[in-house]
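Reader: I am new to this structure. Can you show me how to read its features, one step at a time?

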Amino acid sequence: MTQPLTVTVALTGASGMAYGLRLIECLLGAGHTVWLLYSQVAQIVAQQEMDWHLPSRAAEVETELSARFGAAPGQLRVFGREAWFAPPASGSNPPDAMVVCPCTMGRLAAIANGMSQDLIERAADVVIKEGRKLVLVPRETPFSAIHLENMLKLSRLGVCILPANPGFYTRPTSVQDVIDFVVARILDQLGIAHALMPRWGETD
C-alpha cells in the first residue's frame, strides 16, 4: 500500500477542469491528503466546462468537495489565493508533491520565472526549492517557442511537464476513459498505485 502523501493540487484557468477534479477524487479515495488551491479564472472555467459554480470562499469549496468525494475530516484543505500563512506557502511545511492541473501557459511562465504573486505560484516555488515533486499539466495547442522555452527551463529544474495528451491504445469508449488516462499518468509520476487503466502489455 502506498504511504499516505500530502499533495497540493492547483486548479488554474486552462481548459480541462475535469482532469483536476478527477485527480482530487482519486487522491482522496486512496487515502492521501489534498491541499487545494484555485485561481479566479478556474472559477470561470468550472462554470463553462462543468456547470459547476466554484465558490469564491475556500471554506465553501472545502465543505462541498469533502462531501462529494467522501473525504475524512481534515483530509481535504482548501486555501484562498492570498492565504500567505497557509502551509503550502512555506518551506518549513512543504507537501510531498504538487500538481497544477490544468495549468495555463501564463501560470507556467510565472512559475518558471519565480514570480510568486499568489499562493499557487508561491506554493510551486516552495516545492521547487525544497526539491519536492512538481507536475504541471498544460492543456494548450499548439505550443509557441515561448511556451516550449519555459517548459524546457522547468524540466531542467526537475519539474515534470505532463501535457493532457491522452493515448488511445487503451481503446477508450467514453470521455471518462480519456480523463482517466491522463490522471493515471499523473498518479504514476507521484508513485501512487491505481487501477484507472491497463498498463502497456496488460489486459483488463
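Reader: Where does UniProt place the feature "binding site"?

Author: Keep in mind that this is a predicted model. The UniProt record, an unreviewed entry, puts "binding site" at Y169 and R185. These positions span 17 residues in sequence, yet no two of their C-alpha atoms are more than 14.1 Å apart, so they gather at one spot.

Reader: In which element is R185, and where is Y169 found?

Author: R185 has its place in helix α7. Y169 is in a loop, between β6 (160–161) and α7 (175–190).

Reader: How do I read accessibility? Is Y169 buried, partly exposed or exposed?

Author: Buried means under 20% relative accessible area, and exposed means over 50%. Partly exposed lies in between. Y169 has 42% relative accessibility, so Y169 counts as partly exposed. R185 is partly exposed too, with 39%.

Reader: Which residues does Y169 touch, not counting residues up to four places away in sequence?

Author: Y169 touches F181, R185, M197 and W200. With sequence neighbours up to four places away left out, R185 touches L162 and Y169.

Reader: Now another residue. Is T8 buried or exposed?

Author: Apply the cut-off again: buried is under 20%. T8 has a relative accessible area of 0%, so T8 is buried. T8 sits in strand β1, residues 6–11.

Reader: With which residues is T8 in contact, leaving aside neighbours within four places in sequence?

Author: The contacts of T8 are W35, L37, P88, P95, A97, M98 and V99.

Terms used. Residues numbered from 1 in each chain as written. Predicted model: local features only at pLDDT ≥ 70, side-chain atom pairs only at ≥ 80, totals over all residues. Heavy atoms only, no water. UniProt positions renumbered as here; feature names shortened; annotations may be inferred. Helix = DSSP H or I, 4+ residues; strand = E, 2+ residues; numbered from the N terminus. Buried < 20%, exposed > 50% of the residue type's maximum accessible area, 1.4 Å probe, protein only. Contact = heavy atoms within 4.5 Å.
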